[in-house]
Amino acid sequence: MKRSPAASLLARLMPVLATTAVFIAGFLICSAAYPNFASLRVVMNLLTDNAFLGIVAVGMTFVIISGGIDLSVGSVIGFTTVFLALAIERWGFPPLLAFLVILAVCAIFGAAMGAVIQYFELPPFIVTLAGMFLARGVSFLLSTESIPITADLYSHLADHAVRLGGGARLTVPAMIMLAVVLGGMVLLHLTRFGANVYALGGSRTATGLMGINVPRTTVAIYTLSSVLAGLAGIVFSLYTSSGYSLSAVGVELDAIAAVVIGGTLLSGGYGFVFGSFLGVLIQGLIQTYISFDGSLSSWWAKIATGLLLFAFIAFQQLTLHLARRPRRRPRLATAGAAP
Amino acid sequence: MKFKALLLATALSGTLFSVGAHAAELTVGFSQIGSESGWRAAETTVSKAEAKKRNINFKIADAQQKQENQIKAIRSFIAQGVDAIFLAPVVATGWDSVLKEAKEANIPVVLLDRDIDPSGKELYLTAVTSDSVAEGKVAGEWLVKAAAGKPCNVVELQGTVGASVATNRKKGFEDGIAGASNVKIVRSQTGDFTRAKGKEVMESFIKAEGGGKNICAVYAHNDDMMVGAIQAMKEAGLKPGTDVLTVSIDAVPDIFKAMAAGEANATVELTPNMAGPAFDAVVAYKAKGTVPPKWIQTESKLYTQSDNPMAVYESKKDLGY
């Protein structure tokens, strides 16, 4: 069974194309239902309102492609917002310094989780679960109340936006998210580190045998995920101009859902940053639809996301099955005949 | 691929049937916190009914206790071009930038039930909230009248320590009884706003006050704790409602049942109808440009056994409390 390069590229891109089709179809359905839906304003709102989720989803894509999972990101966002509020409002840090400090703290946190996963050979699920409790616990320890951030830079950044007419605005959070998505695409698809991430997701042992530095790559992946979670936390604190220990509860699960809806295999080795970006937008689209409707329970957003997840996992398994079948059969036959 | 598009289509359009007719004149979007308590569920039910009464097209977005969801909902209300936005803010801070967007789009915002940080005062039209000091005061004044000049030892079941509602209801009650030297608070402890804790604390009060002989009245910061306290009194052989006077706040259906049975004396209503006055303010503002006061205080109505408690129970029991 020989395929032309174009056909095999198409097969490789199939899940992302499917996600794109779902997004476009969803947008058309919503636009048909509500006259004000098909506007630049709604699209820009989608970017602004889901900026923090988009940023963590990029990090999550790397982690999942490498065959891991990171459950700590939501808590890291919460911790970041509380830390920033305290640092800027109570301890008198200039905001930019506070940003640098928190990103460094997040980097150390992520590197530590990566190192524990690598050197103690523990499942990422357990290690990052511990990280999740740790980060959330510390943020509660710092403050249980919502702390407003009144620094000039904050109101400046929150109000700064490129106005696109019709009330649409490209806000700072949206710009940061788009930059992270682009940066993530370059890092994953065009660099050696990106290739290593894919290799790691294919097979850890084989990757080691290929001469790739597995420990360094693992630590780097979790560091990247935590730093992006910290950046998402900065964006979140801009979004709400405050720090709150209960913020972004459960965001890790939304991010995982976005990544899977975006066509990334939960078992690793395959996926695209752009798919995750679309996965985030699809979730945002469902939420927007529900508030446009105004009479639906908001829990329908969760139900629709759940249904989509099921559909995508089933779709993945199906394509995987179809892709493997023609090759596996002859191999099994020769293996059986050899002795 | 088509299959999946279809799946999303069903997931989304399966709900299309509920899109109502858009014949109403005004469209109001309400960003509700969630449905964490019976009172809030009742608020949602009553708001819908009040909108219907006025023929207002009403859209509710339940934020599941998350501020980010509330901000998202407000943004999409703005994008839809609604005529007004109601907001029951989950936290007091962090609303400036989204409320500025609403202001720019000329959409008035009304806060329901809770206030936001003072920095945002010019960003909303008005706030409709209850006055929890006034609630406590109404309760205190009722007790002074009911005691009729005789000495009366009161035990107090406080709400959650540090909660502003609890502090205010305590202060209001103290103001209410300040003029009467015969009415004294002898014991005061927190029952955490819960039924179980209210019962437990009442049991300890009864033990400490000679089996309840020295207790003339119980004041609870909410009805739930009072329902627990009534249980404790009955178990101790006391007759709540006759031996011991009771007064509490909230006016949830269960306390009316107790009042109908003669086991409770009075309750002060925290009305779930915050939307009604808000609708009126918005309608007047839209029609004639009348700017309402910055704070619309809801009525703290007193209910006693003479107010036909069973009928009130019937009218309240289906509101979702």
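Student: In this predicted model, how many helices and strands does chain A have, and how does its radius of gyration stand against the globule rule?
Tutor: Chain A has 14 helices and 4 strands. For its 339 residues the globule rule gives 20 Å, and chain A is as compact as a globular protein of that length, because that value is close to its own radius of gyration, which is 21 Å.

Student: What share of the residues of chain A counts as buried?
Tutor: The C-alpha atoms of chain A, taken along the principal axes, fill a box of roughly 75 × 50 × 35 Å. Among contacts in chain A with a separation of 6 or more, 79% are between residues 24 or more positions apart. Of the 339 residues in the chain, the share that counts as buried is 51%.

Student: Which elements do the buried residues of α9(A) pack against?
Tutor: Helix α9 of chain A covers residues 192-202, and its buried residues are Asn196(A), Val197(A), Ala199(A), Leu200(A) and Gly201(A). These buried residues pack against four elements of chain A, namely α3 (51-65), α8 (172-190), α10 (204-209) and α11.

Student: Which element gives the largest share of the side of chain A that touches chain B?
Tutor: In the contact between the chains, 42 residues of chain A meet 38 residues of chain B. Two or more residues on the side of chain A come from each of α1 (5-33), α2, α7 (152-159), α11 (214-240), α13 (273-293) and α14 (300-337). That side divides into 21 nonpolar, 17 polar and 4 charged residues. The largest share of it, 8 residues, comes from α1(A).

Student: Are α2(A) and α3(B) roughly parallel or roughly antiparallel to each other?
Tutor: Helix α2 of chain A (residues 40-49) packs with helix α3 of chain B (residues 67-80), their axes being 10 Å apart and the angle about 170°. Since angles over 145 degrees fall in that class, the two helices are therefore roughly antiparallel.

Student: How do the residues of the contact of α2(A) with α3(B) divide into nonpolar, polar and charged?
Tutor: From α2(A) come Arg41(A), Val42(A), Asn45(A) and Asp49(A), which meet Ile71(B), Lys72(B), Arg75(B), Ser76(B) and Ala79(B) in α3(B). The residues of this contact divide into 3 nonpolar, 2 polar and 4 charged.

Student: How far apart are the end C-alpha atoms of residues 29-276 of chain B?
Tutor: For these residues of chain B, an unreviewed UniProt entry lists "domain: Periplasmic binding protein". Over this stretch the chain is 43% helix and 21% strand, and the distance between the end C-alpha atoms is 14 Å.

Technical notes. Residues are numbered from 1 along each chain as its sequence is written. Chains are lettered from A and ligands numbered from 1 in the order in which they are written. This is a predicted model: local features need pLDDT of at least 70, side-chain atom pairs count only at pLDDT 80 or more; totals for chains, interfaces and linings use all residues. Axes are lines fitted to C-alpha atoms, for helices over the stretch in contact, and angles run from 0 to 180 degrees between N-to-C directions. Angles under 35 degrees count as roughly parallel, over 145 as roughly antiparallel, 65 to 115 as roughly perpendicular and the rest as oblique. Two residues are in contact if their C-beta atoms, placed from the backbone, lie within 7 Å. Ala, Val, Leu, Ile, Met, Phe, Trp, Tyr, Cys and Pro count as nonpolar, Asp, Glu, Lys and Arg as charged, and the others, Gly among them, as polar. UniProt positions are given in the numbering used here, feature names are shortened, and annotations may be inferred rather than shown by experiment. The radius of gyration is taken over C-alpha atoms; the globule rule is 2.2 Å times the number of residues to the power 0.38. A residue is buried if 20 or more other C-beta atoms lie within 10 Å of its own, exposed if 12 or fewer, and partly exposed in between; C-beta atoms are placed from the backbone.
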